[in-house]
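Below are some questions on how the terms used for a structure follow from its values. Each answer sets a value against its criterion.

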Amino acid sequence: MTTEHNTDTVKAHYAELAQSYDDKANPACKRAYESLVRRALADCTHVLELGAGSSPTLAVLNAPFAVACDMSFPMLAARNAAADAPRVTADGQQLPYASGSFDGVYTINVLEHVPAPKALVSEVSRILKPGGLFLSITPNGDVEWLLDLLERLKLKLPEGPHKFLNFAETAALAGDAFDVVAHQKFLAFPAGPEGLVNCIDRLGFRDRGWGLFQYIVFRKI
Ligand SMILES: C[S@@+](CC[C@H](N)C(=O)[O-])C[C@H]1O[C@@H](n2cnc3c(N)ncnc32)[C@H](O)[C@@H]1O
């Protein structure tokens with residue numbers, strides 16, 4: 001299910017989805033992401049959400065300085081303007097910020113869409129202060145077949161151009177710039193009512209290191 005993967009095809013995919021993306025995103029997934037963002041970045045004061053799209057996740061943090069950045073103008077334009085953070089259109093592979101501007105950066109379901117994810121992680125490292133945190137949430141590339149099946153069954157949003165990454169591939173993007181401070185797989189089933197999704201997730205998949213998504217928290221050295 002992989003389409004040609006470059007910045008133009010990714011932009012075209014999200015221009016088409018922008019108006020309906022947030023309404024179609026599964027509420028249980030959103031809640032799981034919010035709770036991870038809150039847990040990982042609660043103490044950060046200068047936070048950048050990269051590939052923020054139309055998601056309101058930034059609002060769960062009370063960061064005095066928070067910016068929603070995305071290379072897709074239509075995705076940013078679809079954000080609910082009320083009580084929203086400043087929006088910046090930029091490619092994460094080349095960010096318009098001075099070095100050391102932030103103490104927290106996060107991406108939710110973004111790295112798999114970036115043609116050169118190493119360049120994006122290197123930019124994240126540049127704009128973070130030493131000790132700053134980078135939270136990455138992505139689909140779990142170890143279960144690509146299952147993610148593809150769910151998409152064929154229309155149980156998840158279409159990925160468009162992407163290359164899924166597993167834990168080792170994601171950790172390798174950090175090179176020598178970061179320590180990995182946390183990693184876990186989570187959410188065993190990303191479709192259907194929130195209660196059902198949470199029940200399935202509590203059946204012990206997480207304890208067995210299984211899930212359709214994964215998060216990694218990196219700390220800049
Ligand atoms: C799957 S959507 C996720 C949106 C949002 N994070 C969420 O959880 O609802 C991926 C987003 O990443 C953005 N994106 C992909 N590649 C990017 C890049 N190189 N730089 C900035 N944003 C990018 C897309 O435009 C899109 O809005």
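Q: What makes the largest pocket the place where the ligand sits?
A: In this predicted model, the ligand is assigned to the largest pocket because more than half of its atoms lie within 2 Å of the grid points of that pocket.

Q: How do you know what share of the ligand the protein buries?
A: A nitrogen atom of the ligand is 2.9 Å from a polar backbone atom of isoleucine 108. The ligand on its own exposes 590 Å², and 97% of this is buried by the protein.

Q: Which residues around the ligand come nearest?
A: Among the 21 residues around the ligand, they are Gly51, Asp70, Asp91, Gly92 and Ile108.

Q: What makes the radius of gyration of the protein chain agree with a compact globule?
A: For 221 residues the globule rule gives a value near 17 Å; the protein chain has 16 Å, so the two agree.

Conventions
Residues numbered from 1 in each chain as written. Predicted model: local features only at pLDDT ≥ 70, side-chain atom pairs only at ≥ 80, totals over all residues. Heavy atoms only, no water. Near = heavy atom within 4 Å. Polar contact = N/O pair within 3.5 Å; in protein donor to acceptor, adjacent residues only side chain to side chain. Areas by Shrake-Rupley, 256 points an atom, 1.4 Å probe, with all protein chains shown as cover. 1 Å grid on protein atoms, 1.4 Å probe; cavity = no way out; pocket = protein on both sides within 12 Å on 5 of 7 lines; lining within 4 Å. Rg over C-alpha atoms; globule rule 2.2 N^0.38 Å.
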